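Have the structure open while you read.

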Amino acid sequence: MTRVSNTLIGFLNLLTLLASIPIIGGGLWMAKSTATCESFLQRPLMVVGFVILLVSLAGFIGACYHVVWALWLYLVVMLLLITALLAVTVFGFVVVSPGGGVEVPGRAYREYHLQSYSPWLRRRIENTKYWTTVRTCILGSKTCAKIVMWTPADYMQENMSPIQSGCCKPPTACDYQAPMMTQDPDCYKWNNDPNLLCYACDSCKAGVLEDVRRDWHRLMVLNIIMVMLLIGIYFVGCCAYQNAKRADTYYPYGESIRPKWFYS
């Protein structure tokens, strides 16, 4: 049982250590990419990657070489990481549960309204500094240029991303021959200029939030899987810690520097 638990925790932490490298790389790529407008997902991704890297390294060394203090540190940090992931998961579900699009009669796409989203997300997207960054990002990604050549038939049949629906056109209900006072305020904000379009519209902010909401839903599912995996690894780590304490008692002067599973 001693060798099994230590071997298992060693290999599991080696795998998680290797998995942290693409997570960190993905965070760095998102930070530099002009096509990504969800900037507040970048730092958490990088932080999680670095924490997993350090925790896995401590667990791997502690399990392989029966380093008691490294395993103790590993278990403490692992417990904090599990708690943090649970808190983030619960917070994420609360924040991103409201929202979703509204079907438009006769259209394949949906439209999005800012009031449908949680107050926390609305406060963030309505921050002038943050919205200026997002708007610049959308312009740089040429998202609206992809539908500029659409015909009226395309608008009837083709689907759109939430950002295209909210930022690249006025609300479908707008009737510019009717009195404007009776219409959606976003109808006033629409402009044919490719640099303006509906970027000042609440529907554009709602489209960005819908993209964030969808990504967060995927992230929450991944968080749940990670929490379950980390809980399993944590219990195996507890066994490895007890084994290391027993080995430290039996060999107080360090009879061997090799991993204990090398011995028959």
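1. Keep in mind that this is a predicted model. Going by sulfur atoms within 2.5 Å, the count of disulfides comes to four. With the bonded cysteines counted along the chain, the pairing reads 1-3, 2-8, 4-5, 6-7.

2. Take Cys-144 and Cys-168 to begin with: their sulfur atoms sit 2.0 Å apart, and the pair forms a disulfide. The angle about the S-S bond is -85°, which makes this link left-handed. It joins distant parts of the chain, 24 residues apart: Cys-144 is in the loop between helix H5 (128–140) and helix H6 (152–157), while Cys-168 is in the loop between helix H7 (162–167) and helix H8 (186–189). Cys-144 and Cys-168 are both buried.

3. Next, Cys-167 and Cys-204 form a disulfide with 1.9 Å between the sulfur atoms. Here the handedness is right, with 90° about the S-S bond. Because Cys-167 lies in helix H7 and Cys-204 in helix H9 (residues 202–250), the pair ties together parts that are 37 residues apart in sequence. Are these two cysteines buried or exposed? Cys-167 has a relative accessible area of 0%, so Cys-167 counts as buried. Cys-204 also comes out at 0%, and is therefore buried.

4. Then there's the disulfide of Cys-174 and Cys-187, with sulfur atoms 1.8 Å apart. With -90° about the S-S bond, the Cys-174 and Cys-187 link is left-handed. Cys-174 belongs to the loop between H7 and H8, and Cys-187 to helix H8, so this pair ties together parts 13 residues apart in sequence. Cys-174 is buried, and Cys-187 is buried too.

5. Why does Cys-137 count as buried? Its relative accessible area is 13%, and the cut-off for buried is under 20%.

6. Now the confidence. The chain has an average pLDDT of 76, and 71% of the residues score at least 70. Over residues 250–264 the pLDDT is below 50. That stretch still has 20 contacts in the model beyond near neighbours in sequence.

Methods. Residues numbered from 1 in each chain as written. Predicted model: local features only at pLDDT ≥ 70, side-chain atom pairs only at ≥ 80, totals over all residues. Heavy atoms only, no water. pLDDT = per-residue confidence, 0-100. Contact = heavy atoms within 4.5 Å. Helix = DSSP H or I, 4+ residues; strand = E, 2+ residues; numbered from the N terminus. Buried < 20%, exposed > 50% of the residue type's maximum accessible area, 1.4 Å probe, protein only.
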